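Hi,

Here is the structure I promised to pass on. Could you have a look at it alongside my notes below?

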Amino acid sequence: MNLGNLVYSIGDPVLTKLLSPPYGGRGQYVYHGPRTSKRVALTFDDGPCVGSTERLLDVLGELGVPGTFFCVGENVAMNPEILERTDREGHVVGSHSQRHSRGAGLSFRDTDHIVDAETRIATVLGKRPALYRPPWGWLTPWEGRRLHRLGYTIVGWDVYTLDWKVPEPDPDDVARQAIADAKPGSIFCFHDAFPLVKEWDKSVTVETMRRIVPELVAGGYEFVTVDRLLDVPAYRPLDDVRAAA
Ligand code: NI
């Protein structure tokens with residue numbers, strides 16, 4: 001039995017409860033920014049994909065707000081030009097691992113899933129990501145320690161939605177829940193795309209942005225990237241290579 005099957009046999013929901021925000025990571029996660037000012041960050045996981053990520057970039061441009069994109073290394077390999085566009089349009093790119101595997105972060109030794117994604121992003125952007133979101137939100141204490149050793153801030157969320165579901169949920173419902181859960185300092189977890197596929201068709205996240213951004217701006221909120229919200233670096237220089245042990 002391989003590790004992935006073992007995980008399922010133990011119970012995916014149990015592990016998700018133990019390892020994901022708000023309980024996972026044993027203090028190594030950052031879930032939100034300061035509660036003292038009305039600044040919040042939009043984050044988008046699992047891309048980039050042709051179609052869905054491009055439409056999201058279009059709408060963020062129209063709305064005039066920046067996002068933080070936690071990208072999958074294999075998707076970056078398929079769509080480097082969309083990653084370049086994301087960076088060029090003022091958004092921040094973080095890492096969401098190489099293959100979006102649950103098992104890699106459970107392993108006691110493996111750092112390839114972190115280093116390979118970093119290398120892939122650095123090859124396109126000429127800088128190394130310094131923000132990381134574990135796939136599925138699963139963070140073991142040992143994965144947290146190696147991520148910190150490799151120079152990452154580990155970014156969770158305090159507003160979670162079901163925009164990733166297939167078939168897609170109603171954007172009115174997603175937006176209503178996101179707005180109800182928003183607080184000063186919130187980090188919203190959304191999904192622009194789908195891991196390990198080149199192209200994806202999705203509209204719920206775009207439609208949710210059209211609903212929540214104007215409403216929160218009217219409520220006095222400012223949208224910033226995660227690095228600005230947390231006052232941490234978004235990137236490390238290309239020559240800042242940290243040995244993976
Ligand atoms: Ni993901």
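Asp46 is buried, because 26 other C-beta atoms lie within 10 Å of its own (buried means 20 or more such neighbours, exposed 12 or fewer, and partly exposed in between, with C-beta atoms placed from the backbone). Asp46 sits in the loop between strand 1 and strand 2, and its phi is near 90 degrees, a positive value in a residue other than glycine. Helices and strands here are DSSP runs (H or I of at least four residues for helices, E of at least two for strands), numbered from the N terminus.

Before you go further: this is a predicted model, where local features need pLDDT of at least 70, side-chain atom pairs count only at pLDDT 80 or more, and totals for chains, interfaces and linings use all residues. Residue numbers start from 1 along each chain as its sequence is written.

The loop that holds Asp46 also holds Pro48. A cis peptide bond joins Gly47 to Pro48, with omega about 0 degrees. Another cis bond runs from Val166 to Pro167, with omega near -5 degrees; Pro167 is in the loop between strand 8 (159-160) and helix 9.

Leu196 also has a positive phi without being a glycine, near 70 degrees. Leu196 is in the loop between strand 9 and strand 10 (199-200) and counts as partly exposed, with 13 C-beta neighbours inside 10 Å. The C-alpha atoms of Leu196 and Ala77 are separated by 9.8 Å, though the two are 119 residues apart along the chain. Ala77 belongs to helix 4 (residues 73-78) and is partly exposed too, with 17 other C-beta atoms within 10 Å.

Thr36 lies in the loop between helix 2 (12-19) and strand 1, and is exposed, with 8 other C-beta atoms within 10 Å.

Now for helix 10. Its 15 residues (204-218) should span 21 Å at 1.5 Å a residue, and the end C-alpha atoms are 22 Å apart, which agrees (the expected span is 1.5 Å times one less than the number of residues). Which residues of helix 10 are buried? They are Val204, Thr205, Thr208, Met209, Ile212, Val213 and Leu216. These pack against strand 1 (39-45), helix 3 (52-63), helix 9 (171-181), strand 9 (187-191) and strand 11 (222-223) (a contact means C-beta atoms, placed from the backbone, within 7 Å). Just after helix 10, Gly220 has a positive phi of about 95 degrees.

The axes of helix 9 and helix 10 come within 9 Å and cross at roughly 40 degrees (axes are lines fitted to C-alpha atoms, for helices over the stretch in contact, and angles run from 0 to 180 degrees between N-to-C directions). The two helices are therefore oblique to each other (under 35 degrees is roughly parallel, over 145 roughly antiparallel, 65 to 115 roughly perpendicular, and the rest oblique).

Helix 5 (residues 80-88) and helix 7 (residues 112-125) pack at about 70 degrees, their axes 9 Å apart, which makes helix 5 roughly perpendicular to helix 7. Pro80, Leu83, Glu84 and Asp87 in helix 5 meet Ile121, Val124 and Leu125 in helix 7.

Cheers

Key: Contact = placed C-beta atoms within 7 Å.
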